[in-house]
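Hi,

Here is the structure I promised to pass on.

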Amino acid sequence: MKAVRIHEFGGPEVLKYEEVPRPAPAPDEVLIKVYASGVNPVDWKMRAGLAQSLFPIHLPFIPGWDVSGEIEEVGSDILIFKKGEEVYGRPEVTRDGTYAEYVAVKADQINFKPQSIDHDKAASVPLAGLTAWQGLFDYGHLEEGQKVLIHAASGGVGSFAIQLAKWKGARVIGTASEENIDFLFDLGADGAIDYKNEKFEDKITGVDLVLDLVGGDTQKRSLKVIKKGGRLVTTVQPQYKEEAKAKSIMMEAFLTRSLPEELQQLANLIDSGKIKPIVTRKFSLKDAAAAQKEIEKGHTRGKIVLTVV
Ligand SMILES: NC(=O)c1ccc[n+]([C@@H]2O[C@H](COP(=O)([O-])OP(=O)(O)OC[C@H]3O[C@@H](n4cnc5c(N)ncnc54)[C@H](OP(=O)(O)O)[C@@H]3O)[C@@H](O)[C@H]2O)c1
């Protein structure tokens, strides 16, 4: 099969489009014919060797942690999926991924794809959608009527988080640069703050939850806007835990898990028109290096996907 692999850590040039052996599914796995793969910031971080302590991988390695496709083959223990069914999910991070024509995945890491959208859009959902869900609800415990501030709200995770928080009935404020402010309102935000020209801590108070997708100084300043007893949930380093504790704020970081029941909930929300994935750029599989150059800039609006078929 065709796949994109790395044989060494480095810049986008280490991504090689080449012929590799097609994987065979283990008894508890399925083999998916990949129609599309999502592109996420972790892709370039792992390619550059920056995530080895968190996600150790062995070379050569196929990146990619979002898939939408069709079941090609099922392992001997698999009863719930059969050949030809359309599925999506976020396969395990430390094994060969989805920048490929086929990927072998544990059956408990996927679910049926949303029916109302194509594979390109479906491939943009799992990692970012699950991260938004888990950050807001599993860790953030966001409830109806609460106020949530979402940093990097125009990106992959943020664009899902705004819509999910609105669906929950929260009051939602996002940060983005000027070019993306209208986009945040289009997604349903109640308020939008231009992080380059305004200080969010001067514009908002009494926040129940900050979903921090940026870290660093943004994380530190966020402690000023959260109410006592509130939370800051981050997808990056939790650098200011002591400062948070001193203010009676709960600060927590998490790694996204691929939970089939949450993939099902996301699919239901998409199929009922409550949330929609936003794909702004598409690249072919052999142009994976160009896609990674784009995600590495840190200014993607919505999601980037690789169209494989
Ligand atoms: N822990 C986990 O399991 C996990 C899971 C998923 C993601 N992550 C991490 O979470 C972060 C976000 O992921 P993502 O997929 O959403 O990234 P992304 O799609 O690349 O985010 C891009 C967005 O970030 C915005 N942005 C950049 N700097 C900003 C700032 N200082 N303040 C506000 N907005 C800013 C940009 O808006 P402008 O263009 O308007 O500046 C752009 O729309 C990444 O670091 C990723 O690695 C971790």
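Before the notes, one definition: I call a residue buried if 20 or more other C-beta atoms lie within 10 Å of its own, exposed if 12 or fewer, and partly exposed in between, with C-beta atoms placed from the backbone. This is a predicted model, so to speak of a local feature I need pLDDT of at least 70, and side-chain atom pairs count only at pLDDT 80 or more, while totals for chains, interfaces and linings use all residues. Residues are numbered from 1 along each chain as its sequence is written.

Overall picture first. The protein chain has 10 helices and 15 strands; these are DSSP runs numbered from the N terminus, helices being H or I of at least four residues and strands E of at least two. Its radius of gyration is 19 Å, close to the 19 Å that the globule rule gives for 309 residues, so the chain is as compact as a globular protein of that length. (That radius is taken over C-alpha atoms, and the rule is 2.2 Å times the number of residues to the power 0.38.) The C-alpha trace spans about 55 × 40 × 35 Å along its principal axes, and 49% of the 309 residues are buried. Of the contacts between residues at least 6 apart in sequence, 64% join residues at least 24 apart; a contact here means C-beta atoms, placed from the backbone, within 7 Å.

Now the domains. The chain is divided into domain 1 (2–125 + 277–307) and domain 2 (128–253), with bounds that come from an automatic or database domain assignment. Their centres, taken over C-alpha atoms, are 28 Å apart. Where they touch, 9 residues of domain 1 are in contact with 9 residues of domain 2. The domain 1 side of that contact has 2 nonpolar, 4 polar and 3 charged residues. For those classes, Ala, Val, Leu, Ile, Met, Phe, Trp, Tyr, Cys and Pro count as nonpolar, Asp, Glu, Lys and Arg as charged, and the others, Gly among them, as polar.

Helix α3 (residues 126–139) packs on helix α9 (residues 260–271) at an angle of about 100°, with the axes 10 Å apart; axes are lines fitted to C-alpha atoms over the stretch in contact, and angles run from 0 to 180 degrees between N-to-C directions. That makes α3 and α9 roughly perpendicular (65 to 115 degrees; under 35 is roughly parallel, over 145 roughly antiparallel, the rest oblique). P126, G129, L130 and W133 of α3 meet E262, L263 and L266 of α9, a set with 5 nonpolar, 1 polar and 1 charged residues.

Next, the loop between α1 (41–47) and β4 (67–74), where P63 sits. P63 counts as buried because 26 C-beta neighbours lie inside 10 Å. Leaving aside neighbours within four places in sequence, P63 is in contact with I6, D43, M46, R47, G97 and Y99. Its C-alpha atom is 8.3 Å from that of R95, 32 residues away along the chain. P60 is in the loop between α1 and β4 too, and the peptide bond from L59 to P60 is cis, with omega near -5°.

Phi of A152 is near 60°; A152 lies between β8 (147–150) and α4 (156–168) and is buried, with 26 other C-beta atoms within 10 Å. S248 has a positive phi of about 55°; S248 lies in the loop between α8 (241–246) and β13 (250–253) and is exposed, with 11 C-beta neighbours inside 10 Å.

Cheers

Methods. Contact = placed C-beta atoms within 7 Å.
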